[in-house]
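Please look through the model shown below with its strands and its charged side chains in mind.

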Amino acid sequence: MALSPREQLARRAQRNRTRLKSLSNGRPRLSVFRSDKNIYAQVIDDQSGVTIVAASSLEGGKKQGSNAAAASEVGKLVAQRAIEKGVKDVVFDRGGYIYHGRVKALAEAAREAGLNF
């Protein structure tokens, strides 16, 4: 029986997280969720199961949408907040999405803003 696209995404994401746990060395995880209309990012401490900081394209007075420019803004914002909380090194969890387009824009903006991964 064939899996639905959502189930395939969940399996890819789980495979990615399993690999990241072996590579993390206690570093928090920068997790990305991409919907049709928005993009969301969280820095998560998996050891304690707590979200340290989060950002999304819904924030701010204006609606940013789901383009690469909005993803870049979210990347900068989540990196700023993480650095304010004292988190500089993270592992990047692309959440089963291909490292391309909005996901790549978010990652590159977070790197430029000072996160190391």
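Two strands pair if DSSP finds at least two bridges between them, and the strands (E, at least two residues) and helices (H or I, at least four) are themselves DSSP runs, numbered from the N terminus. This is a predicted model, in which local features need pLDDT of at least 70 and side-chain atom pairs count only at pLDDT 80 or more, while totals for chains, interfaces and linings use all residues. Residues are numbered from 1 along each chain as its sequence is written, and side-chain values use heavy atoms, with hydrogens and water left out.

In β3, Thr-51 is the bridge partner of Ile-44, and Arg-29 stands opposite that residue of β2, Ile-44. Six bridges join β1 to β2, which run antiparallel, and six bridges likewise join the antiparallel β2 and β3. The hairpin of β1 and β2 has four residues between the strands; the hairpin of β2 and β3 also has four, with Gly-49 in its turn showing a positive phi of about 70°.

Leaving aside neighbours within four places in sequence, Leu-106 is in contact (heavy atoms within 4.5 Å) with residues including Val-32, Ile-39, Val-74 and Phe-92. Leu-106 is also one of the buried residues of α3, where buried means under 20% relative accessible area, exposed over 50% and partly exposed in between, with a 1.4 Å probe and protein chains only. What covers these buried residues of α3 includes β1, β2, α2 and β4.

The structure holds five salt bridges, each a side-chain nitrogen of Lys or Arg within 4 Å of a carboxyl oxygen of Asp or Glu. Arg-29 forms one with Asp-93, the closest N and O atoms being 2.7 Å apart; this pair links strand β1 with strand β4, 64 residues apart, and both residues are buried. The side chains of Arg-29 and Asp-46 meet in another, at 2.9 Å from N to O, although Asp-46 is partly exposed, with a relative accessible area of 38%. Together with Arg-17, the residues Arg-29, Asp-46 and Asp-93 are linked in a network of salt bridges.
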